[in-house]
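These are my notebook entries on a structure that I consulted for the first time. I set down in order what I looked up.

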Amino acid sequence: MIPILGNIGIDFSAIPGQGATIAIVGWLIVFAALVLLVIVFTQTPKIIYYKTRKKLREQSKHADIPDSEIHLPGDTSAAIAMALHYYFSDLHDEESNVITIKRVRKTYSPWSSKIYGLRVWPRR
Amino acid sequence: MKKFWLVIGTFVLLFSGIFSAHADDFNKILTKGKWVNKSDGYKISADNDRTIERYKTFSFNADQTFVLDSIKTKFRGEWNVIDNCIYLEFNNQKLKPKIANLTDDQLIVDGEVFKNHSGAVAGLLNFYEYTGIYNATPGHLLMIVVGIFFIFLAIRYNYEPLLLIPIGFGIIIGNIPFFQAEGFNLQLGIYEEGSVMNYLYFGVRQGIYPPLIFLGIGAMTDFSSLISNPRLMILGAAAQIGIFLTFLGALVLGFTPAEAGAIGIIGGADGPTAIFLSSKLAPHLIGPIAIAAYSYMALVPIIQPPFMRLIISKKERKIRMKPPRSVSKLEKIMFPIVGLLLTAYISPSSLPLLGMLFFGNLLKESTVTRRLAETARNSLIDIVTILLGLTVGASTQADVFLTPQSLMIFGLGALSFVVATCGGLFFARLMNVFLKGDNKINPLIGAAGVSAVPDSARVVQHEGLKADPTNHLLMHAMAPNVSGVIGSAVGAGILLSFLM
């Protein structure tokens, strides 16, 4: 018994050996699972960039393409996205400035037509 | 001689008149109104030892039949008066005949005293017995106060309102007292078979709702911060120490290994995971575990900051992190598939949760199933949240919920949140020892590893802004936050496979 406050203490002997094993092994497995994901996703971009670099090299026939051209940081992408958004949302400003008046021809509809109103005496 | 027979005849007539008058009075008294008894000792259910006072009513009819109304069940029979004793014989052969005595306007049957009341009063007593006022206990009132407090927290302080409002109202619903008795089912309470609440609770008991919630979470979660900086995923694993230390703590407090596992998962700070695991390992503890998990999740903005300030120095809190790189679509699509394969192969028991989480995420990231993703992250998760919150709240029926075990679970739950937060923070500091230059991380984000999406990430952002008003950590904190969800689901799977 390890005393904590006065008579209150923790009796670690109450933990069965199996319990401690489960706790330690369990935590290690969680670590292992996530570390595996870390490894995979640290290596994946490298493979993707290697392929992109290869494709670009074939297309441009330049030997060296700087990393900054392939790998865009998030804030740069955000800035480009914002610029594009502004550009497309402001497109209406570049209109022809020619004001035209078009005659709008209304198609006839009996809806609310005066000839079918209640104030018209029905003809026999 | 003639005179003698005349005298005898007169006496016979006189006595027979007296006797028949006495029997008529007896019948009149017996058949007038109803005979009501109130006695203690009625168990409220088979698996609950609490007893309660109940009314029992005898009504006698002139045609020598009677009805005994006990625990809202009617037992019929016939009565006969022999030597001033009333013999009661039940139609149901399983019930033994009884002898009753009528003295001073009281009917005594097997030592139980029945008082005479008019039919109207007996009806009112019957109605009163059905009311919540009659069946209320201090426990019910206490739980209703707790429910109202949850609603107050949600509305006044905006603490997880989507959860606390349904749970708080569910607590009120679950603690409206009603007539309960062993062997009697009014089909009202959440624990009574056939009741509407019981049907809705089926999804909690069988662990159906949590995977559906995970589907929605997957469809609304953006894993790009995690993919752009995968190292931060380890923080999500580090914070899961809360699960395993709480598991040990529960064992110390005398819980069985299965119960300890279910309690330990509170440290995962993930309500659906906690419900899922407890429904498998300790179904009788779902109520307290779910309430503890959700209440502490809502209280993350109160629990975490003191420990964040205690463990992380002011200088460290100001560390600026490198902006995350942009993540390609291919990586985003790969993540749910690879993530599922890696984690589920290690811990297949967590498949219902992880399968749904990653499936939901693929619906979102594939960009070709927009409609399905929209449904999963809006309508579906909303419906399931309503059902889950309401039924989990209603499962806190005072007579089932208010036990010393629940108090211990609440204590362990608080401890697990603290341990998980500290685990994440210390590990983040440890990581910084090995990281150089602008790769260093702000250790505050370690606290987001406890899961509790997205509250703990929001707390990190808030604390980061307090230290440096221009340092936004939300994006970085989301990485350990979502990896915490994966980590706690894997942890739940491991506990399940060890303890089931």
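Entry one: a residue in a helix. I began with B:Thr273, which I found in helix 12 of chain B. I note that the model is a predicted one. Is B:Thr273 buried or exposed? Its relative accessibility is 0%, so I recorded B:Thr273 as buried, the cut-off for that class being under 20%. I then looked up what B:Thr273 touches, leaving aside residues up to four places away in sequence. The list consists of B:Phe214, B:Ile265, B:Leu353, B:Ser488, B:Ala489 and B:Ala492.

I turned to helix 11 of chain B, residues 257-264, and found it mostly covered, with 6 of its 8 residues buried. The buried ones are B:Glu259, B:Ala260, B:Gly261, B:Ala262, B:Ile263 and B:Gly264. I asked what covers the buried residues of helix 11 of chain B. The cover includes helix 10 (241-252), helix 12 (271-281), helix 13 (286-298), helix 20 (404-434) and helix 22 (474-499) of chain B.

Two packed helices are described by the angle between their axes and the distance between the axes.

In chain B, strand 4 (residues 73-82) and strand 5 (residues 85-90) pair in the antiparallel sense over 6 bridges. B:Asn80 stands opposite B:Tyr87 of strand 5 of chain B. The hairpin of strands 4 and 5 of chain B has 2 residues between the strands, and there B:Asp83 takes a positive phi near 50°. Strand 5 of chain B also pairs with strand 6 (residues 98-103) of chain B, in the antiparallel sense over 4 bridges. Here I noted B:Cys85 opposite B:Asn101 in strand 6 of chain B.

I located B:Arg458 in helix 21 (residues 455-467) of chain B. Its relative accessibility is 47%, so B:Arg458 counts as partly exposed. B:Arg458 and B:Leu95 lie 363 residues apart in sequence and 66 Å apart in space, C-alpha to C-alpha.

Definitions and conventions. Residues numbered from 1 in each chain as written. Chains lettered and ligands numbered in written order. Predicted model: local features only at pLDDT ≥ 70, side-chain atom pairs only at ≥ 80, totals over all residues. Heavy atoms only, no water. Pairing = 2+ DSSP bridges. Buried < 20%, exposed > 50% of the residue type's maximum accessible area, 1.4 Å probe, protein only. Contact = heavy atoms within 4.5 Å.
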